[in-house]
Structure formats: structure tokens, C-alpha cells
Amino acid sequence: MHRTYSMRQSRAPTASQIQNPPPPSSSTKGGRLFGKANIGHTFRKSVHPGAFGPDLAKKLSQLVKMEKNVMRSMELVGRERMEVAQQLSIWGEGCDDDVSDVTDKLGVLIYEIGELEDQFVDRYDQYRVTMKSIRNIEASVQPSRDRKQKITDQIAQLKYKEPNSPKIVVLEQELVRAEAESLVAEAQLSNITREKLKAAFTYQFDALREHSEKLAIIAGYGKHLLELVDDTPVTPGETRNAYDGYEASKAIIQDCEDALTNWVEQNAAVKPSLSTRARTLSQRRRNKAQGVDLADQDQDRESGLWVSADQHAGQEYEEDESVRGRDEERAVAA
């Protein structure tokens, strides 16, 4: 494909990879028995995800399996995009010099998009595996819930059939222990769920941001390549000027490679900004979560403005004349 220049000749790590080392290869890429296609992928799409396993973990198990199908689809898109890039270069080889050179370089860029999508799948798998760890915790909590419910049902059944059975006291003691164990497990689940949820989607959004920024870089340099194609209409029998853009196209590809290699998150072109209202509400929510600071509640006492109750004892207050007059009138009327 790369008749004149290949973006992938040098595979030195990029600045982003040095700053944030790439994860291991996606778990969806290994263990295939029949080549690129995977029977398990087709089976998972036909069978309802999350149909098996503990009740508590079924919903998240369904999400994890659906995400695996998404990753399989992204892998397929990446491979087919590379094949499209090769076919574009093959088609352009028989065209005029300018079209031949530009389509070859466009093929390089499109092939690079396929490579980026393959890397994106690996980083996306970090998100999926982290969500999967929440599912595993949920599955481990289910037995304690089941045990507590089973003991509760046994107590209710005995109270209905044998109200005076001595087993009721024993079961109630077991229920207390089961509830204590369940409280510990539920607290761990609550803490781990929040921690892993934030970590998982941080992986996904960081990967998505890098992928999108690099796609935008490739798209920008691709449009520069298109400017090398002379689309001025010609009349029958007229010949076009000789194409002299080989060095320019090679320089554009080199600039694109440098931009991709040197990209880091700090240099991202798109930086989300919150509105004043959203920022205020978010800050208020964080302050509320951190609690109210009562460190200054005794400030008046320390400043001397606060007066104790015993200091009021020796003070006399004048009684309101109007109140005294009304009291005297009531006494006379009585």
C-alpha cells in the first residue's frame, strides 16, 4: 500500500503513550478458534445477555456482555477500515499522477485511523473490565442477602405453624448475625461501586477524548492533501500541468505523524467549560457533601461579644408601662 511513504515505518511510542502507557491487548482479541470471526460473539448477540448468574449482578452482567459485543464490532470496523485504505491506494494507482499520489497518502491516513481504532479498543477494555469488577462484588454480596432472606422466611413460617417453638429464638439470633454480615457487605458494595464507577468512565472518556482529537488531526491533514488535487475543468484535448506535489504530500504526512506523536491530553484542542450556573451548582453540591464547617461557631465567645447567663442576673429591666396598665385594669375588673 505505502508506495512512497508509510506513517507506520517507525513505531516509537508517542508522547501520549509515554505519559499514559497503553494497557494490555483487549481481552476480546485472544482465544479465537476460527480466525478473525468469533462464534462466541454471534452467540452472545443471539442469547439475552445477563440471563444467568445472581439476581443482584444480572443487570450489570448484561451491560458487561453488551460492551463486549460493542468492542467486537469496533475491532471489525478497524480491520475493515484498513482494508478500505489498501483498496483506495490500489484504485488510485492507475489514475493520473496527482490522484495517484493523493489517494496513496489518503490511504495512509485512513489506515492510521484503523490503527487508532485498534488502540481505542484496548483502552475501552479498561473501562469494561473495571465495570466487570463491580459485577463481581455484586455477585459476592448476593449470598448474604439470600441467607438473611432465608432465615427471615423460616422464622415467619415457624411463628405461623409453631409459635412456641424454641427454634425461633435460635433463628432470630442467626438473623442478627446475618444482618450484621449483610450490613458490612452492603457498605463495601456501596463504596466500591462509587470508586469503580468513576474510575471506569474516566478510562472511557480519556480514551474517547484522545481518539477523537487524533481523528480530528487526521481529518485536518487529509483536507490539506485534497488541496494538491487540481480540479480545474479542462476542455477536450487539453492537458493538465505536470503534477509536482510529491514532496508536499510527503511533508503533510510527516506533519500529521508528528502531530499525532506529540499529542498529549494537556494540549487538547477541545476543552469543556461549565456555565456559571452549572459550576455554582456543582460547587454547592461538593460543599454539601463535605459537610458544614462549624469551626467559627464560638467566634463571638472568643471576641468578647458573648455574655454568659449569670452576668444577666444583676441587671434590671424596666417594665413596659402599657403592659403594666393593662394588668391593673384586669385586676379592677375582677
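Helices here are DSSP runs of H or I with at least four residues, and strands are runs of E with at least two, numbered from the N terminus. The model is predicted, so local features need pLDDT of at least 70 and side-chain atom pairs count only at pLDDT 80 or more, while totals for chains, interfaces and linings use all residues. Residues are numbered from 1 along each chain as its sequence is written, and side-chain values use heavy atoms, with hydrogens and water left out.

**View A. S133 in helix α4.** S133 is partly exposed, with a relative accessible area of 22% (buried is under 20%, exposed over 50%, partly exposed in between; 1.4 Å probe, protein chains only). From S133 to I192 the C-alpha distance is 9.2 Å, although 59 residues separate them in sequence.

**View B. Packing of α4 with α5.** Helix α4 spans residues 97-161 and helix α5 residues 167-226; their axes are 8 Å apart, at an angle of about 170 degrees. Axes are lines fitted to C-alpha atoms, for helices over the stretch in contact, and angles run from 0 to 180 degrees between N-to-C directions. The two helices are therefore roughly antiparallel (over 145 degrees; under 35 is roughly parallel, 65 to 115 roughly perpendicular, the rest oblique). Their contact is made up of 34 nonpolar, 11 polar and 18 charged residues. Ala, Val, Leu, Ile, Met, Phe, Trp, Tyr, Cys and Pro count as nonpolar, Asp, Glu, Lys and Arg as charged, and the others, Gly among them, as polar.

**View D. Packing of α4 with α6.** The axes of α4 and α6 come within 10 Å and cross at roughly 10 degrees. These helices are therefore roughly parallel. On the α4 side the contact (heavy atoms within 4.5 Å) includes D97, D101 and K105, and on the α6 side Y246, S249 and K250. By class, this contact has 6 nonpolar, 1 polar and 5 charged residues.

**View E. The largest nonpolar core.** A nonpolar core is a set of buried Ala, Val, Leu, Ile, Met, Phe, Trp, Tyr and Cys residues joined through side-chain atoms within 4.5 Å. The largest has 16 residues, and L109, I218, L225 and C256 have the most contacts inside it. Two or more residues come from each of α4, α5 and α6 (246-262); α4 gives the largest share, 6 residues. Another core, of 11 residues, lies apart from this one and includes F120, Y124, M131 and A200.
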